[in-house]
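Please have a look at it first.

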Amino acid sequence: MHLFRRLFHRVVLAGVAAISLTLSLSAVAQEPRLGQEYTVLDRAQPTDSGKKVEITEFFGFFCPACNAFEPYFEAWIKKQGDRIVVKRVHVNFHELVTQQKLYFTLEAMGKVDDYQLKTFNAYHIDRNRLSTDAEVFKYVEKVGLDKKKFTDIYGSFSIQSKVNRAAQLMNDYKINGVPTVAIDGRFMVSPADLFAKAKVRDGSHAGLVVMDWLVDKVYKEKNGAAPAIVPAAPVKKK
């Protein structure tokens, strides 16, 4: 009898939790709450995207949450069309400057779209830590990048400048976890935290629902009206 009561109690609690979750997700889908689903920087950072909305993602190849978020984020970028300008900043939480330099070199070569997911896979699936120059060059050879061109850029002053700039941006945006997405240099969203709490009922990513709302808000401020966005289909991780 006691066992039955404990089981019944757990079922009731699970039911209450499910109802609360549905209500909270409904609120997220309608209008995200400041301090709950997003925050605002004390000091807005400068942007140079004109009438488009500037999106800055702070991430790291070493980060499991960033790896999980990446396919959703790529689909979301495509859904936004020409309303946004996307920038990425690879952070350095574990002294992995090699990973920063790898990303910024791919960026300089115009290869991010082609190799972003492949690089995540190298770390999280192939177990290449990308923590030394030798490991980075091994990856470059494996994926067929021009090794000489990559090496020249990788060791250049411009890439070191981007590493230094990343440290400054992390400080300006008060980054203490990734992935974190900044919208218009003002609004901050932590997709991993929202994802951990819940997914929206249609299968979309809760963090992206908040980002949609903020992009609409900023785009309207800059342009007067925002074109309708058709929700993207759920994304399966590659």
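Leaving aside its neighbours within four places in sequence, which residues is Val 136 in contact with? They are Thr 98, Leu 102, Leu 130, Phe 150 and Tyr 154, where contact means heavy atoms within 4.5 Å.

Before I go on, a word on what we are looking at: this is a predicted model, in which local features need pLDDT of at least 70 and side-chain atom pairs count only at pLDDT 80 or more, while totals for chains, interfaces and linings use all residues. Residues are numbered from 1 along each chain as its sequence is written, and side-chain values use heavy atoms, with hydrogens and water left out.

Let me turn to the chain as a whole. It has nine helices and five strands, which are DSSP runs numbered from the N terminus, helices being H or I with at least four residues and strands being E with at least two. Followed along the sequence, their pattern is α-β-β-α-β-α-α-α-α-α-β-β-α-α. Of the 238 residues, 42% count as buried, and here buried means under 20% relative accessible area, exposed means over 50%, and partly exposed lies in between, with a 1.4 Å probe and protein chains only. Among contacts between residues at least 6 apart in sequence, 73% join residues at least 24 apart.

Beyond its neighbours within four places in sequence, Gln 100 is in contact with His 90, Val 91, Asn 92, Val 163 and Ala 166.

In the loop between β3 and α3 sits Glu 95, whose phi is near 60 degrees, a positive value in a residue other than glycine; at 67% relative accessibility, Glu 95 counts as exposed. Lys 174, in the loop between α7 and β4, also is not a glycine and has a positive phi of about 55 degrees, and with 56% relative accessibility it counts as exposed. The loop between α7 and β4 (180–183) also holds Pro 179, and a cis peptide bond, with omega about 0 degrees, joins Val 178 and Pro 179.

I will close with the lining of the largest pocket, which by class has twelve nonpolar, five polar and eleven charged residues. In this count Ala, Val, Leu, Ile, Met, Phe, Trp, Tyr, Cys and Pro are nonpolar, Asp, Glu, Lys and Arg are charged, and the others, Gly among them, are polar.
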